[in-house]
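Please examine the sequence and the model shown here.

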Amino acid sequence: MPEKKLRVEFMTMTPDALSLIYAAFRQCYHAGFVADMWPKLLSGDIDPEVQADFVSKTMESGHDSPVEHVSMTFAVEGISRACSHQIVRHRIASYSQQSQRYVAENDMEFIMPPAIAKIPEARERFEQFMDEVQSAYSDLRGILVEHGRKSKANEDARFVLPQAAETKIVMTMNCRSLNHFFNLRCCNRAQWEVRAMADMMLDICKEKLPAIFANGGARCEQLGYCPESPKFACGKYPTREKI
Ligand SMILES: Cc1cc2nc3c(=O)[nH]c(=O)nc-3n(C[C@H](O)[C@H](O)[C@H](O)COP(=O)(O)OP(=O)(O)OC[C@H]3O[C@@H](n4cnc5c(N)ncnc54)[C@H](O)[C@@H]3O)c2cc1C
């Protein structure tokens, strides 16, 4: 039964993203109709660097809604069900996740926390339990099929699967929601697995759309201080109380 590694792949994003965000911002402050400006934006008559500069500066004022017009889609594999449960709590997003009803876990892959992996006796016990689970799942599934559950066997046998079970998910978020996601999940307070995934997504976003994501990440990166209580502060930035 294999251990699976995290993989985050960029799939697609809204075309002409920077120009679209620039146009949306400009419509707020411009007396004319922004659609008349659109061909010039696409042809490059309005320098992309000028657009990026305008967008970055306007975002600093907290005017965030124009970035909602651009979405990005990622495919992720090698995360646990414990991680995906945290991800799907972010409601301003769209998800399509591998089903444990339609896909049988006959050779279940799993995620092992690094803290367990580095202690030999913990690793051994973890792997032993994964074997036990796999065996119970396969036995139950077989018994259910024998008793006529056939295509429904997966959906009942899966009740014994652990949170460590590997899953795959496609997720789409607009840039405002992505920034919020990074604020919460790139923070050292976030759980290690969802943080690793968020960090990989952030690297991709910074490359694809630096005008929006250059200062992305945990809230402290934008604030210059840690908004958490001293109990949860990691020490990277001073807490609000300290400054
Ligand atoms: C470190 C950490 C620990 C956590 N611990 C727990 C825990 O112990 N238990 C637990 O249940 N969850 C926990 N969570 C999950 C957390 O409570 C949120 O559900 C999750 O982070 C999604 O955030 P969100 O609701 O802001 O995002 P989204 O659902 O994407 O929403 C984005 C924003 O839209 C607005 N919004 C969305 N829906 C509503 C609504 N119905 N009403 C009003 N405004 C809305 C809010 O401004 C919200 O911030 C934890 C999260 C983190 C980062």
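In this predicted model, four strands form an open sheet in the order β1-β2-β4-β3, with antiparallel pairing. Strands (E, at least two residues) and helices (H or I, at least four residues) are DSSP runs numbered from the N terminus, and two strands pair if DSSP finds at least two bridges between them. The edge strands, each pairing on one side only, are β1 (7–13) and β3 (94–97). From one strand to the next, the twist averages 20°.

Strand β3 is joined by 4 bridges to β4 (residues 166–174), and the two run antiparallel. Within this pair, S94 stands opposite T172 in β4.

Residues are numbered from 1 along each chain as its sequence is written. Local features need pLDDT of at least 70 and side-chain atom pairs count only at pLDDT 80 or more, while totals for chains, interfaces and linings use all residues.

The chain comprises 11 helices and 4 strands. Its radius of gyration (taken over C-alpha atoms) is 23 Å, well over the 18 Å that the globule rule (2.2 Å times the number of residues to the power 0.38) gives for 243 residues, so the chain is more spread out than a compact globule. The C-alpha atoms fill a box of roughly 70 × 50 × 25 Å along the principal axes.

The ligand is surrounded by R89, H90, R91, I92, S177, H180, L184, R189 and A190, a residue being near a molecule if its C-beta atom, placed from the backbone, lies within 6 Å of it.

Definitions and conventions. Axes fitted to C-alpha atoms, helices over the stretch in contact; angles between N-to-C directions.
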